[in-house]
Amino acid sequence: MTENRPQKTILRALAGELQPVPPVWMMRQAGRYLPEYRATRAQAGDFLSLCYNPELAAEVTLQPIRRFGFDAAILFADILLICQALGADLWFETGEGPRLSTIANAADLAALRPAHAVHDRLSPIYETVRLLARELPAETTLIGFAGAPWTVATYMVAGRGTKDQGPAHALMTADRAAFQRLVDLVAEATIDYLSEQVKAGAEVVKLFDSWAGSLKGPDFTDFAVKPVARIIAALKARHPGLPVIAFPREAGQGYVGFARATGADCVALDNSVSPEWAAAQVQIDGCVQGNLAPGHMVTGGDALVAETRRVVEAFRKGPHIFNLGHGITPDAAPENVTLMIETIRRG
Ligand code: 1CP
């Protein structure tokens with residue numbers, strides 16, 4: 001290997017290198033399926049206090065690395081923290097999920113804080129990244145992240161998670177210019193937020209567009225492609241060589257050409273697309289990440305082993321980072337995670 005080639009397995013995959021054993025990490029790898037996570041969250045008091053406590057957030061980020069030896073650690077935080085930094089109210093209803101103040105019109109939008117003001121609220125997150133950069137094992141890649149503007153905007157408009165993102169679509173239809181201003185504001189804040197994560201030690205950043213699947217045609221181009229392309233271009237201008245993973249979840253056909261259209265180094269795939277289809281249609285443009293169905297972490301057994309092998313096999317001819325198609329769920333069994341990793345690494 002030459003001197004300037006990255007050593008860490010995740011960075012090698014992101015640079016386009018084909019590896020005999022794909023590196024692996026898991027969305028929501030720090031989460032409620034782990035007893036040690038539940039204990040630390042209880043110590044913090046609640047979810048948001050955990051996110052804003054650098055020592056405890058670093059601790060839960062490290063827990064799955066210690067237990068399973070994943071190739072990457074993902075900063076423990078949440079995509080909705082930036083909404084609070086922009087001036088929205090944010091809280092979590094136990095057992096129900098996030099709640100935010102809503103944005104119904106241009107006046108609500110005008111009341112938000114400017115993008116450059118986000119750092120005062122988000123500085124504890126940068127401290128978590130600094131702690132992790134010091135404490136992680138030398139072979140583990142540190143991933144920073146943010147929500148993509150469309151997904152963040154859907155929560156800011158509706159004030160909660162929604163099945164069809166109806167309120168965001170309604171604002172888009174009623175006042176497309178105002179909706180565009182919201183997306184632009186979030187994009188601008190996200191560039192600054194991710195740039196600070198990189199300065200603090202994040203080696204890769206990932207953009208989560210969990211609700212990209214409800215955007216069709218020109219809306220997909222305007223709100224799932226263009227803002228992500230803008231963020232990636234700005235980050236790469238500030239941090240030459242920074243690898244970026246984009247996750248336009250449930251984009252379907254929209255995955256085809258997504259890396260080229262946005263400048264992403266890797267496209268993360270959900271499990272609604274088959275790995276064989278994605279190898280032919282998406283991996284031809286570069287590294288992909290994914291895409292085992294998270295349900296296998298609950299059910300385990302022979303099906304987990306067979307499907308894990310299928311994903312590895314389908315993506316064997318190109319750069320690949322093994323992951324789930326979405327986050328691991330609270331009812332998953334940690335032994336199934338061990339079985340998945342052994343299956344990947346032992347073949
Ligand atoms: O009570 C708890 O402990 C809350 C569960 C939880 C966790 C573990 C939430 C609430 N957020 C997180 C952490 C989190 N969220 C991470 C940390 C790193 C890791 O993966 O280990 C990351 C990357 C996220 C990203 C996130 N938050 C997304 C994008 C990915 C996805 O899952 O689609 C979204 C949509 C959120 C919002 C959110 N935060 C929490 C919940 C339950 C939700 C979803 C709300 C909804 O149903 O719409």
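Leaving out residues up to four places away in sequence, which residues does Gln19 touch?

Tutor: Gln19 touches Thr9, Arg12 and Ala13 once those sequence neighbours are set aside. Contact here means heavy atoms within 4.5 Å. Bear in mind that this is a predicted model: local features need pLDDT of at least 70, side-chain atom pairs count only at pLDDT 80 or more, and totals for chains, interfaces and linings use all residues. Numbering runs from 1 along each chain as its sequence is written, and side-chain values use heavy atoms, leaving out hydrogens and water.

Now the setting. Gln19 sits in the loop between helix H1 (9-14) and H2, and helix H2 covers 35-44. Helices (H or I, at least four residues) and strands (E, at least two) are DSSP runs, numbered from the N terminus. The Gln19 side chain comes to 3.1 Å from the backbone oxygen of Thr9. Thr9 is also one of the residues that Gln19 touches. Gln19 counts as buried because its relative accessible area is 13%; the cut-offs are under 20% for buried, over 50% for exposed and partly exposed in between, with a 1.4 Å probe and protein chains only.

Arg28 is exposed, because its relative accessibility is 54%. Its backbone deserves a check: phi is near 60 degrees, a positive value in a residue other than glycine. Most residues other than glycine have a negative phi, and most peptide bonds are trans.

Glu250 also has a positive phi, about 60 degrees, and is not a glycine. This residue lies in the loop between strand S6 (244-248) and helix H12 (258-262). With a relative accessible area of 43%, Glu250 is partly exposed.

The peptide bond from Gly290 to Asn291 is cis. Its omega is near -15 degrees. Asn291 belongs to strand S8, residues 287-292.

Take Met156: beyond four places in sequence, its contacts include Cys83, Leu86, Leu112, Leu182 and Val186. Ser101 and Thr102 are also among the contacts of Met156.

Definitions and conventions. Polar contact = N/O pair within 3.5 Å; in protein donor to acceptor, adjacent residues only side chain to side chain.
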